[in-house]
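Have the sequence and the 3D view open as you read.

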Amino acid sequence: MYYKMLINGQWTDADDGATWTVVNPATETPIRDLPFGGAAETTRAITAAHETQPRWAAMTAYERGGFLRAIADALRARVDELAPIMTAECGKPIGEAAGEWGACADLFEWYAEEGKRAYGRTIPARKAGKRLLVIPQPIGVVATITAWNFPAYLLARKWAGALAAGCTIVGRPSELTPMSAMALVNVMVEAGLPEGVVNLVNGEPAIMGETIMQDARVRKVSFTGSQRVGAILMRQAAAGIKKLSLELGGSAPVLVFADSDIQWAAEQGVIAKFRNNGQVCISPTRFYVEQPVLEEFLDAVKSETEKLVVGDGMLAHVTNGPMVSGGGRDKVERFVEDALEKRAALVAGGGRPAIEQGYFYQPTVLTDVTSDMQIGCDEVFGPVMAVSTFDSLDEALQLANDTPYGLAGYVMTRDLSTATRAYEGLEFGIIGVNDLVPATAEAPFGGVKTSGFGREAGQEGLTEYMDQKFVSIALDG
């Protein structure tokens with residue numbers, strides 16, 4: 001396994017020899033020093049992608065699909081080797097890490113086939129001597145900038161669609177978790193992907209981002225991360241009229257209606273909320289429970305939460321690993337302290353566990369949460385479930401939509417009419433009805449409002465990387 005940058009098929013260190021130390025968040029000990037580059041390495045990666053683009057685009061969708069299929073097969077064959085790499089650098093339990101690598105394989109497999117269905121169309125002309133065609137073509141070089149919480153899946157969700165469309169790639173992963181990205185690229189190279197099709201750089205975020213945004217050869221940038229950085233990229237993209245896709249997080253509401261199976265709703269809520277320690281953009285966070293079943297729900301949630309085991313994710317019995325960084329844990333602590341100071345009630349957790357090393361925080365449940373609390377409206381991105389109550393569907397929708405975010409929202413009910421009115425009224429890009437983990441390779445993923453724009457996965461995740469060329473032919477010309 002090469003833990004280096006990949007530029008034009010060559011594994012490389014930073015030009016000036018600079019390195020970045022990756023730290024295990026469960027032990028706070030160094031794992032490995034990795035190359036940490038800047039503008040020069042990024043520019044070379046863009047050049048490699050630009051020069052390779054015509055050859056990759058000229059391949060048939062069937063040829064490109066063959067490479068994607070080989071990558072999917074290789075990922076599935078090596079899950080046991082890949083999962084510990086991810087757990088070591090980001091802390092998620094080994095079972096979750098294995099599941100993430102499996103989801104990566106699903107994406108490459110899906111786009112191996114979906115690329116063959118990038119259909120154009122013929123438009124009936126209003127004049128007999130004309131023929132009107134629409135031809136989808138790859139947009140060109142794509143740059144991706146991704147977060148640390150799903151260090152392989154976020155790449156695969158962008159790269160699989162872009163590659164199927166005929167685009168070449170420059171990828172910049174989070175400096176907190178670059179080893180998973182490097183492992184993914186190792187597998188892709190070993191699966192036979194041609195040199196220069198995918199290029200991976202690791203280094204200083206602002207410098208690399210600015211280099212990408214200023215280079216006209218990069219036709220599109222796909223970003224997953226914070227609203228702050230998303231706004232910076234939008235301003236930079238304006239100068240070059242560069243196409244963007246942004247996935248900027250969320251604060252997902254869950255509407256739990258009284259007709260639900262409350263024990264089941266609590267079990268599913270705890271599983272989904274504390275998955276990856278709540279460090280999930282679509283993590284269900286704000287639970288609004290219909291008043292008659294509030295106490296029953298809280299009792300069940302408390303019981304389920306107290307079954308969770310916090311510790312090093314390498315241990316098979318652990319359900320919750322550490323936060324990815326000390327800063328992330330500090331933010332969670334501030335959110336909880338703010339809520340308790342404003343008279344929220346603590347149901348479970350609420351502090352650091354008795355573990356000497358590591359960025360650990362207990363799975364926490366709060367109730368009597370109101371919109372003036374940070375946890376009531378902002379993205380906590382950590383293991384905190386906030387529970388409030390409602391009396392009517394209209395009130396529930398008002399509470400759920402009272403946020404600038406619009407990524408994911410959830411409904412738990414056994415009544416079809418209630419479910420329909422709720423999913424139609426929720427102002428979010430993704431809605432789960434009795435499903436708190438809705439993301440899948442074959443369906444579009446993305447948000448509205450300040451959660452961003454653009455879609456990944458599904459058919460939409462292919463067309464995001466294609467231009468639609470209109471051809472008008474005058475037969476009598």
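Here is a short briefing on the salt bridges, grouped by pair.

Keep in mind that this is a predicted model. The count comes to 25 salt bridges, and a few of them are picked out below.

**A buried pair**
- Lys 92 and Glu 100 form a salt bridge, with 2.5 Å between their closest N and O atoms.
- Both partners, Lys 92 and Glu 100, are buried.

**Helix H11 to a loop**
- Glu 333 and Arg 352 meet through their side chains in a salt bridge, at 2.7 Å from N to O.
- Glu 333 sits in helix H11 (residues 326-341) and Arg 352 in the loop between strand S14 (345-348) and strand S15 (364-367), so this pair ties together parts that are 19 residues apart in sequence.
- Glu 333 counts as buried because its relative accessible area is 17%, which is under the 20% cut-off.
- Arg 352, at 44%, is partly exposed.

**Helix H13 to helix H14**
- Asp 394 and Arg 421 also make a salt bridge, this one at 4.0 Å from N to O.
- Asp 394 belongs to helix H13 (residues 393-401) and Arg 421 to helix H14 (residues 416-425), so the pair links distant parts of the chain, 27 residues apart.
- Asp 394 has 54% relative accessibility and therefore counts as exposed, the cut-off being over 50%.
- Arg 421 is partly exposed, with a relative accessible area of 47%.

**A network**
- Salt bridges also link up Arg 69, Arg 76, Asp 106, Glu 109, Glu 113 and Lys 116 in a network.

Terms used:
Residues numbered from 1 in each chain as written. Predicted model: local features only at pLDDT ≥ 70, side-chain atom pairs only at ≥ 80, totals over all residues. Heavy atoms only, no water. Buried < 20%, exposed > 50% of the residue type's maximum accessible area, 1.4 Å probe, protein only. Helix = DSSP H or I, 4+ residues; strand = E, 2+ residues; numbered from the N terminus.
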